[in-house]
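Work through the exercises below with the structure open. Try each task before you read its solution.

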Amino acid sequence: MDWNKRRFLAAGFALLALLGGCRTEDAEKGSRLPDALPLHTEKLLRLEPPDVDGIFSPFFAVREGDRLVAELTNVRLLSDKIAELIVENVDNYTICTFRIKEGLCFSDGAPLTADDAIFSLYALCDPSYTGPERIEAPIEGLSAYRCQLSKELEKYYGDTFDEIFDAGEASSPGDPLWAIVDEQWRADLAAAADYAAEHYADETETLFDIPPEALQTEHGLKTALAMALWGFGAAENGRLTGIFTGKTWSLSEGSFPTPTDYLEEIKYIYPSASDYDAAGESPIGASVRAAARQAYILTKCAENPPSDASAVPEITGIRRLSDRAFSVALAPNGDPDALDIPVAPLHYYGDLANYDFAEHRFGFPFGDLSGIKARSAQPLGAGPYIFHSFSPPAVLLASNEKYNAS
């Protein structure tokens with residue numbers, strides 16, 4: 001969705017209706033903003049969001065009010081159309097090439113370049129980063145970088161997984177590996193529920209006498225729909241009954257099955273993830289075994305977190321092509337939308353002296369985001385507004401005259 005629809009309408013209306021107050025300074029007391037937040041005004045925009053603690057960083061803002069301020073002062077790679085995106089399938093990878101538009105700059109006048117995007121990507125991919133923008137996209141080499149996973153170590157953990165998995169759960173019923181397998185299996189069933197809601201939404205009316213709009217707010221309804229469509233649940237009079245367990249959920253009264261319930265029904269037909277994979281049941285063509293194998297490797301690596309990037313100095317799937325272009329290689333079927341990250345200024349949040357792509361230095365020490373966190377109270381970005389001040393409960397923003405909305 002473009003800027004005007006995503007932020008000026010959604011944020012503008014939600015701000016006025018839900019966040020407790022918004023007006024321009026020097027305006028008559030009690031006045032309201034028009035239907036969209038004003039651009040290029042000489043007056044300060046005053047926000048009074050109730051859920052705010054002053055962490056306005058695009059990397060670390062968590063609360064609703066903080067995130068609103070971060071969004072208004074920054075831009076995102078895809079949502080704000082700051083780059084042309086070209087997607088190609090090459091050698092079993094989805095290659096996403098981004099070309100930053102000419103003339104874009106941050107509110108302090110510094111140009112917005114590919115290096116700012118690469119810096120932001122590496123910050124969000126750092127193993128120490130646990131904020132709301134953490135990247136989970138299947139970027140080539142991301143797991144190895146986060147864990148500093150050498151090829152030898154990856155092979156060792158992978159072989160260990162294969163040995164236990166192939167022997168079957170009966171051979172090692174208490175091994176933590178099986179909890180990881182079930183977790184990935186449930187994730188695949190959640191994806192199945194999303195697929196059902198996207199392609200067969202109208203069936204909720206037929207099956208459950210519930211309007212399709214309810215799918216937008218209740219994931220359990222999506223799960224119920226998937227179970228009914230694919231023969232793992234029987235629908236009647238607003239209720240769903242598990243075909244094999246006999247469990248019943250009164251959907252009309254707000255009782256819904258979970259992915260765990262769905263998995264319990266599935267296992268009557270497919271006792272193991274191998275059986276499920278072989279039957280091709282995944283709606284997105286995924287393999288539960290492959291996902292569990294990767295998750296197992298990462299879990300084992302996390303038990304011994306790396307202290308530096310000496311073993312794997314870069315994310316192999318991120319390439320700098322020029323000052324205004326870079327590419328990201330995703331696994332097959334990888335979704336480019338997962339790369340819709342906030343693009344923050346390297347020169348402000350990072351350390352220019354510690355940035356050299358060719359030398360595997362990305363603007364901060366591996367595993368240490370303290371320098372980025374130190375800038376959390378005063379955001380700077382390329383969004384339509386400039387942070388002015390925060391004096392609880394009010395946040396004041398100024399119009400960014402350098403903002404380019406095209």
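Rings of Phe, Tyr and Trp (its six-membered ring) pair if their centres lie within 6.5 Å; planes under 30 degrees apart count as stacked, over 60 as edge-to-face and the rest as tilted. The model is predicted: local features need pLDDT of at least 70, side-chain atom pairs count only at pLDDT 80 or more, and totals for chains, interfaces and linings use all residues. Residues are numbered from 1 along each chain as its sequence is written, and side-chain values use heavy atoms, with hydrogens and water left out.

**Exercise 1.** Count the aromatic pairs, then examine F98 and F326.

Solution. Step one: the ring rule gives 23 aromatic pairs. Step two: F98 and F326 make a stacked pair, with 5.0 Å centre to centre and 20 degrees between the planes. Strands (E, at least two residues) and helices (H or I, at least four) are DSSP runs, numbered from the N terminus. F98 belongs to strand β5 (residues 93-100) and F326 to strand β10 (residues 325-330), so their pair ties together parts 228 residues apart in sequence. Step four: check burial. F98 and F326 are both buried, meaning under 20% relative accessible area (1.4 Å probe, protein chains only).

**Exercise 2.** Find the ring cluster that includes Y348, and the charge over Y348.

Solution. Start with the rings: F59, F60, F119, Y129, Y348, Y349 and F364 are linked into a cluster by ring pairs. R375 lies over the face of Y348, 4.1 Å from the ring centre. The rule asks for NZ of Lys or CZ of Arg within 6 Å of the ring centre and within 35 degrees of the ring normal.

**Exercise 3.** In what order do the strands of the open sheet of 4 strands run, and which stand at the edges?

Solution. Two strands pair if DSSP finds at least two bridges between them. The order is β4-β5-β10-β9, with antiparallel pairing. β4 (83-90) and β9 (318-322) stand at the edges with a single partner strand each, so one side of each has no neighbour in the sheet. From one strand to the next, the twist averages 20 degrees. Next, look at one pairing: β4 and β5 share 8 antiparallel bridges. There, V90 has Y93 in β5 as its bridge partner.

**Exercise 4.** Trace the hairpin formed by β6 and β7.

Solution. β6 (residues 233-236) pairs with β7 (residues 239-242) in the antiparallel sense over 4 bridges. A234 has T241 in β7 as its bridge partner. The hairpin has 2 residues between its strands, and N237 in the turn has a positive phi of about 55 degrees.

Technical notes: Buried < 20%, exposed > 50% of the residue type's maximum accessible area, 1.4 Å probe, protein only. Axes fitted to C-alpha atoms, helices over the stretch in contact; angles between N-to-C directions.
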